[in-house]
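User: I have a protein chain on my screen and would like to learn how to read it step by step. Could you take me through the features one at a time, giving the general idea before each case?

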Amino acid sequence: MKKPLILFLLLAVIVSCKTVTEGEIEVVSQEEMQTYLNMEDVQLIDVRTPEEYDAGHISTAQNINFLSPTFENDIQQLDKNKPVLVYCHMGGRSAKCAEKMKSLGFVKIYDFKGGYSKWLSQEEK
């Protein structure tokens, strides 16, 4: 009889110790991206270099350069409790950025699959 009770107590302790909510990363398509852009509180972040950003970007996007030495400090200025939608040129940097944001405690992260190059190809159609 003691064994089930001990297992129950151990499980209760483990569950109660998990106080930090892990962030979620959702990879989104072009169609989903449009939906999320219409959300009122989404933070749209372009993680490309300033030169890439200046050559063209999605309107309302804020540029935070993933390759900058101040990148981690820069993204920590964002609201961790509001959804964040990140994109880069093709998806590599934004995926790394999303993982970094998750480790820093951001609650909801959307990573645009295909990046700005995908956005442009769809806009041209």
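Analyst: Let us begin with the sheet, where strands (DSSP runs of E with at least two residues, numbered from the N terminus, just as helices are runs of H or I with at least four) count as paired if DSSP finds at least two bridges between them. In this structure there is an open sheet of 5 strands in the order β1-β5-β4-β2-β3, and the pairing is parallel. Its edge strands are β1, residues 24-28, and β3, residues 62-63, each of which pairs on one side only. What you see is a predicted model, in which local features need a pLDDT of at least 70 and side-chain atom pairs count only at 80 or more, while totals for chains, interfaces and linings use all residues. Residues are numbered from 1 along each chain as its sequence is written, and side-chain values use heavy atoms, with hydrogens and water left out.

User: How many bridges join strand β2 to β3?

Analyst: Strand β2, residues 43-46, is joined to β3 by 2 bridges, and the two strands run parallel. Within this region, Ile45 stands opposite Gln62 of β3. Helix α2, residues 30-37, packs on the sheet and touches β1, β2, β4 (84-87) and β5 (108-112), and its direction makes about 120° with that of β1. Touching, or contact, means heavy atoms within 4.5 Å, while such an angle, which runs from 0 to 180 degrees, is taken between the N-to-C directions of axes fitted to C-alpha atoms, for helices over the stretch in contact.

User: How do the elements of the chain run from the N terminus on?

Analyst: The chain holds 6 helices and 5 strands, and from the N terminus on they follow the pattern α-β-α-β-α-β-α-β-α-β-α.

User: How many salt bridges does a search of the whole structure find?

Analyst: A salt bridge is a side-chain nitrogen of Lys or Arg within 4 Å of a carboxyl oxygen of Asp or Glu, and the search finds 5 of them. One of them joins the side chains of Glu24 and Lys108, at 3.2 Å from N to O. Because Glu24 lies in strand β1 and Lys108 in strand β5, this pair ties together parts that are 84 residues apart in sequence. Another links Glu72 with Lys100, whose closest N and O atoms are 3.1 Å apart. Here Glu72 belongs to helix α4 (residues 71-75) and Lys100 to helix α5 (residues 92-103), so the pair ties together parts 28 residues apart in sequence.

User: Which are the buried residues of α5?

Analyst: They are Arg93, Ser94, Cys97, Ala98 and Met101. What covers the buried residues includes β1, α3 (50-55), α4, β4 and β5. After α5 comes Gly105, whose phi is positive, near 100°.

User: Where is Leu78 found?

Analyst: Leu78 is in the loop between α4 and β4, and at 9% relative accessibility it counts as buried. Leaving aside residues up to four places away in sequence, Leu78 touches Gln43, Ile45, Gln62, Ile64, Met101 and Phe106. Leu78 and Phe106 are 28 residues apart in sequence, while their C-alpha atoms are 9.1 Å apart in space.

Definitions and conventions:
Buried means under 20% relative accessible area, exposed over 50%, partly exposed in between (1.4 Å probe, protein chains only).
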